[in-house]
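Hello,

Here is the structure I promised to hand over. Please have a look at it first; my notes follow below.

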Amino acid sequence: MHRFKDLEIWKLSRVFCSEIYIVTDNFPDSEKFGLTNQLRRASVSVPSNIAEGCSRSSNKDFSRFLEIAIGSIYEIETQLLIAFDLGYINQSKLDGLCFNIDRIVKMTSKFRSTLKI
């Protein structure tokens, strides 16, 4: 078992989650139950799945939770692109968030590849 609080991928995804909350604060009120809610839920899912995976007794189970976390990250990227298309975020903000998405995906994939399954 791993200690999730010691994992850089968990720390980074937790900070990223906070970034998503800050960005979605500026979305229109009409999106409260739409993109805002979807982005926030997906962003919470990333560090949560990493943490839950750490509690599993096998690397195979842990690897599956990391896979789910990566899926949530791609879900976030899609939703951010839609938010950009709708004019809720600008190109600069989108680029910064996508840079962090790429970091999280690469780090998580690399870590996942080190697990002996």
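Let me start with the charged side chains. Arg-64, Glu-67 and Arg-112 are linked in a network of salt bridges. A salt bridge here is a side-chain nitrogen of Lys or Arg within 4 Å of a carboxyl oxygen of Asp or Glu.

Before going on, a word on the source. This is a predicted model, where local features need pLDDT of at least 70 and side-chain atom pairs count only at pLDDT 80 or more, while totals for chains, interfaces and linings use all residues. Residues are numbered from 1 along each chain as its sequence is written, and side-chain values use heavy atoms, with hydrogens and water left out.

**Salt bridges**

The count comes to six salt bridges. Helices are DSSP runs (H or I, at least four residues), numbered from the N terminus. Arg-64 is partly exposed, at 47% relative accessible area. Glu-67 is partly exposed too, at 36%. The cut-offs are these: buried is under 20% relative accessible area, exposed is over 50%, and partly exposed is in between (1.4 Å probe, protein chains only).

Asp-6 and Arg-3 form another salt bridge, at 2.8 Å from N to O. Asp-6 is partly exposed at 46%, and Arg-3 is exposed at 63%.

Then there is Arg-40 with Asp-25, whose closest N and O atoms are 3.1 Å apart. Arg-40 sits in helix H2 and Asp-25 in the loop between H1 and H2, so this pair ties together parts that are 15 residues apart in sequence. Asp-25 is exposed, at 58% relative accessibility.

**Helix H2**

H2 is mostly covered: 14 of its 20 residues are buried. How far apart are its end C-alpha atoms? They are 29 Å apart, which agrees with the 28 Å that 20 residues should span at 1.5 Å a residue. The expected span is 1.5 Å times one less than the number of residues. H2 also has a kink of about 25° at Val-46, shortly before the proline Pro-47. That bend is the angle between axes fitted to the seven residues ending there and the seven starting there.

Ile-50 touches Leu-7, Ile-9, Trp-10, Ser-13, Phe-62, Leu-66 and Ala-69, not counting residues up to four places away in sequence. Contact means heavy atoms within 4.5 Å.

**The core**

The largest nonpolar core has 31 residues. Such a core is a set of buried Ala, Val, Leu, Ile, Met, Phe, Trp, Tyr and Cys residues joined through side-chain atoms within 4.5 Å. Leu-7, Phe-16, Ile-50, Ile-73, Ile-76 and Leu-80 touch the most other members. Helices H1 (8–24), H2 (35–54), H3 (59–85) and H4 (91–114) each supply at least two residues of this core. Beyond its neighbours within four places in sequence, Ile-73 contacts Phe-16, Val-46, Ile-101, Ile-104 and Val-105.

**A buried glutamine**

Gln-79 is in helix H3. Is it buried or exposed? Gln-79 is buried, at 8% relative accessible area. A polar atom of its side chain lies 3.5 Å from the backbone nitrogen of Leu-39. Leaving aside neighbours within four places in sequence, Gln-79 contacts Leu-35, Gln-38, Leu-39 and Ala-42.

Best wishes

Methods. Polar contact = N/O pair within 3.5 Å; in protein donor to acceptor, adjacent residues only side chain to side chain.
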